[in-house]
Amino acid sequence: MTISFDTTQILIGGRWRAAGNGETIDVINPSTGEEVCKIGRGSAQDIDDAVAAAEAALNGEWGKMSATERGRVLSNISVKIKENEDELAALESLDVGKPLKQARTDATAMARYLEFYGGSADKVMGHTIPYADGYTVYTLREPHGVTAHIVPWNYPMQIAGRCIGGALAMGNTCVLKPSEDACLSLLLFARIAEEAGLPKGVLNVVPGYGAEAGAALTAHTGVQHISFTGSVGVGKMVQKAAGENIVPVTLELGGKSPQIVFDDADIEAALPFLMGGGIHNAGQTCSAGTRIVAQRGIYEKLIAAMTERYEALEVGPASDDLDVGPLVSEKQKNTVNDYIKYGVDDGLTVAAEGYLTANCPEKGSYVKPTLFRDVPYQHKLAQEEIFGPVQVVIPFDTEDEAIKIANGTEYGLVTGVWTKDGGRQMRMAKAVKAGQIFINNFGAGGGVELPFGGIGKSGFGREKGFEALYGFSVLKTVATNHG
Ligand code: TXE
C-alpha cells in the first residue's frame, strides 16, 4: 500500500516534525520480513518538548472547554475514525501482521471508545456529603493534568483508544508513546484527531524505543498520571518511575487466562470462544484464554472438537486475511517457537497443529498454532504468558480442583466459565481471582463499556467503561463553613 503521510514525523504541540536527533527506526512488515518505511526515534528531548506542549495546552482552549464541548470533540474523532477505517486497518495489518478483518475490528473498537468517552465526558459528577451543621460539602472530579500513555504493539488502536479516550474525556492532555513495533495506525489517528478539532498540544505523539522515549516519559516530573500496557518486567520499571515522582499509574500486564469447561457445558457454543482465546490476533492478546481447563467427562470430546478445528487453521500473510497472520516480529516468533520446543522436549503431547499456507514468505514471522493436551497446571507452558497461538488443555475432576487450577498462576486478568448450573456460575464468579469473569462467553465481544484490569501480576487499576474515568481524574472535596 502507499502510505498517505510522512511516517517519520512526530507530533508535538500541533506541529509535525522530525524527531529531534533526526534518527529513525525501520518498520518491518512481519508478513514478508521486508522494510516498509521508517518512523521517528523520539529522544528524551522530544519527550521534554511534548510534556511542555501538553502542559501549555491545559491552560489554553482545552482547559476552558466545557465537558460537553470536550465530549463533542471526542465524538467527532470517533466519526472520522470510522470514515478512515479502511486506511487504519490496512496500516495496522502492514505494521503488525494482523489479518485485515481483525485489524478492521480494532479500528471499529477505537471509534467506539471515542464514541463512548465522548458521550460520558459530561456525565461524571461529584457528590454532596451530609456533614456538620453550618457546612456544605461537595466533591469535584478534576483532570490530573498531563497524562502519559505507553502502548504496546498487540492492539495499538484499541489500547490507545481506551486510554487516550478516557484521559481526554476528563480534560487531561496526553503524551502518547506507541510501541516501536507498531506505530503507523496511531500516527494516522493523531492526524484524524487534529482534523476532528482536537486543539493543538492536547495529544502529542512521540514514537521511539522504550528504554529511550518510554523511560524518559515515565520519569518526567511534568507527568501527573501514567497508563502502561505491556510486559511485567517493564511494568515494574514504570511503577518504580511513578513512585519516584509519586504519580498514580495504571498497569495492564497481561495474563494466562483460563477458560473452565464443566461437563454440562454447551460445547458447540463454547468452541468459537475456546478457539478464539488462543488464535485471535495469533494469540498476542493480554486476555487470551489460553488455558483450557476441562472436566474429565467432556475432556476427550472437547479435545477431539478442538483438534478438528486446529487442523483446519490456515496461517498466512495478513493481506490473505486467513485465521492467523504472522506474529509481530522475528523476535516474537522465536520466543513462541522456543516455548513450543520446550513443551515438546519436556514430553508434553501435541494434540493438534494448524498449517502454514504456501503463500507464507520465508522471511515472515509465522508460527504453527499448537494445542497441547494433558498439561500439568504447574508446567511452564501452563504458567507463563506465551503471547502466540499456543494453548494448553488441563484436565480436572471437581469444582474445587477447577478453582485451584484457575487461581494457580501469578496472573489474574480474565476467566471464562462454561456451565449451565446456576449455582456453580455464582460460586465460580466469587471464587476465581480475576478482574473479569465471563459466564458462558469469553470477552463479551470486546466490551468497551466493561471495566477491565487485573490482579496479581496482571497489574492494577481499571481501564475501559465508566470506571476508568475515576482513574483519569482527581477527587477534590470542598467543605464550606457558611454558619
Ligand atoms: O513488551 P514491552 P514487549 C508481554 C507479552 C510479550 C512480552 C514482551 O508476553 O511477549 O510482554 O513484549 C515500552 N520504560 N506483553 O517486549 O517491552 C515499549 O516501547 C517505559 C503483554 O514488546 O513491555 C512499548 O511501547 N516504557 C502486553 C511498551 O513499553 C518502556 C502487551 C510495551 O513493551 C520501557 C505487550 C521502559 N524502560 C506485551 N521499555 C499486554 N498486557 O497485553 C519498553 N517500554
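How do the residues of the lining of the largest pocket divide into nonpolar, polar and charged? There are 20 nonpolar, 12 polar and 7 charged. In that count, Ala, Val, Leu, Ile, Met, Phe, Trp, Tyr, Cys and Pro are nonpolar, Asp, Glu, Lys and Arg are charged, and the others, Gly among them, are polar.

Before I go on, the basis. This is a predicted model, in which local features need pLDDT of at least 70 and side-chain atom pairs count only at pLDDT 80 or more, while totals for chains, interfaces and linings use all residues. Residues are numbered from 1 along each chain as its sequence is written, and side-chain values use heavy atoms, with hydrogens and water left out.

Now the pockets. The largest pocket holds about 1000 Å³ of space. Its lining has 39 residues, and the closest to its centre are Trp153, Gly230, Ser231, Val234 and Lys331. Two or more lining residues come from each of α8 (210-219), β10 (225-229), α9 (232-245) and α12 (330-345). Helices (H or I, at least four residues) and strands (E, at least two) are DSSP runs, numbered from the N terminus. Where does the largest pocket lie? It lies between domain 1 (9-253) and domain 2 (258-447), because both give residues to its lining. The domain bounds come from an automatic or database domain assignment.

A word on terms. The work is done on a 1 Å grid over the protein atoms alone: a cavity is a set of points where a 1.4 Å probe fits but cannot get out, and a pocket is an open set with protein on both sides within 12 Å along at least five of seven lines. Lining residues have an atom within 4 Å of a point. Grid points are joined across faces, edges and corners, and a volume is the space filled by probe spheres set on the points.

The second largest pocket has a volume of about 820 Å³. Of its 32 lining residues, His280, Ser287, Gly443, Gly445 and Gly446 lie nearest the centre. The elements giving two or more residues to this lining are α5 (100-120), α6 (156-169), α10 (267-279) and β20 (436-439). The most comes from α5, with 6 residues. By class, the lining has 14 nonpolar, 14 polar and 4 charged residues. Domain 1 and domain 2 both contribute to the lining, so the second largest pocket also lies between them.

How many cavities of 30 Å³ or more does the structure hold? There are 4. The largest cavity has a volume of about 60 Å³. It is lined by 13 residues, with Val96, Lys98, Asn281, Gln284 and Pro326 closest to its centre. That lining divides into 6 nonpolar, 6 polar and 1 charged, and at least three residues come from each of domain 1 and domain 2. The second largest cavity holds about 50 Å³. Pro258, Tyr411, Gly412, Leu413 and Val414 are the closest to its centre, out of 13 lining residues.

Most residues other than glycine have a negative phi. Asn281 has a positive phi, near 55°, and sits in the loop between α10 and β13 (291-295). Ala282, in the loop between α10 and β13, also has a positive phi of about 55°. Are these residues buried or exposed? Asn281 is buried, with a relative accessible area of 5%, and Ala282 is buried at 3%. Buried means under 20% relative accessible area, exposed over 50%, and partly exposed in between (1.4 Å probe, protein chains only).

Last, some strands. Two strands pair if DSSP finds at least two bridges between them. β10 and β11 pair in the parallel sense over 4 bridges, and Ser227 has Thr250 in β11 as its bridge partner. From β10 the chain crosses through α9 to β11, a right-handed β-α-β crossover. Right-handed means that, with the strands pointing away from the viewer, the path from the first strand over the helix to the second runs clockwise. From β11 (residues 249-252), Val249 and Leu251 point one way and Thr250 and Glu252 the other, and all are buried. β11 also pairs with β21 (residues 459-460), in the antiparallel sense over 2 bridges, where Glu252 stands opposite Gly459.

Elsewhere, 3 strands form an open antiparallel sheet in the order β5-β6-β22. Its edge strands are β5 (128-129) and β22 (473-481), each pairing on one side only.
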